[in-house]
Amino acid sequence: MTGMPWFAVLENYILSGIVSNEFSLNQRKKLKRDCLDYYWDESYLFRICTDGIIRQYVPEAEQMGILEACHSSPYGGHHGGVLTAAKVLSCGFYWPTLYKDASELVKNSNECQRAGGISKKNECVSPPC
């Protein structure tokens, strides 16, 4: 395959309808099938996710900033990797390695690692309503 990032290949195919000769027949079929989930609008790539929501693809340079903002947000942050990724998705953003990146961010977060989890012994139990 080419040395281009995966999204550049998608963008080129969506905009021009042409697939490079470097791709095998199976790779061409997969690219055409994958393009059904994506569309291009005014210089942005969007994905129609399995839940039916359209999310914007985020370039690699912006991914960590969005993850850190969702993980460290003052309105309820410092959750685990899955909840942090869910926050990113609920903000309307997407990239293929989102869950892996969120998990790595939480593992490498100094503040989260020092705090650890709350044990049942220290958990505040409120009386039922």
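**Notes on the strands, the loop and the charged pairs**

1. Let's start with Tyr 39, which sits in strand β1, residues 38-41. Strands here are DSSP runs of E with at least two residues, helices are runs of H or I with at least four, and both are numbered from the N terminus. Keep in mind that this is a predicted model, where local features need pLDDT of at least 70, side-chain atom pairs count only at pLDDT 80 or more, and totals for chains, interfaces and linings use all residues. Residues are numbered from 1 along each chain as its sequence is written, and side-chain values use heavy atoms, leaving out hydrogens and water.

2. Tyr 39 counts as partly exposed because its relative accessibility is 30% (buried means under 20% relative accessible area, exposed over 50%, partly exposed in between, with a 1.4 Å probe and protein chains only).

3. Now follow the chain into the loop between β1 and β2, where you'll find Glu 42 and Ser 43. Most residues other than glycine have a negative phi. Yet Glu 42, not a glycine, has a positive phi of about 50 degrees, and Ser 43, also not a glycine, has one of about 70 degrees. Glu 42 is exposed, since its relative accessibility is 65%; Ser 43 is exposed as well, at 53%.

4. Which strand holds Arg 47? Look at β2, residues 44-48. Arg 47 is buried but has no salt bridge, and the nearest side chain of opposite charge, Asp 37, is 4.3 Å away. For a salt bridge, a side-chain nitrogen of Lys or Arg must be within 4 Å of a carboxyl oxygen of Asp or Glu. (Lys and Arg count as positive, Asp and Glu as negative; His and the chain ends are not counted.)

5. What does the side chain of Arg 47 make with the side chain of Tyr 94? A polar contact, at 3.1 Å (a pair of N or O atoms within 3.5 Å; within protein, one must be able to donate a hydrogen and the other to accept it, and residues adjacent in sequence count only if both atoms are side-chain atoms).

6. How many salt bridges are there by this rule? Two. In one, the closest N and O atoms of Lys 30 and Asp 34 are 2.7 Å apart. These residues are four apart in helix α2 (residues 25-34), so about one helical turn separates them. Arg 55 and Asp 51 also form a salt bridge, at 3.1 Å from N to O. Arg 55 is buried, because its relative accessible area is 6%, whereas Asp 51 is partly exposed at 47%.
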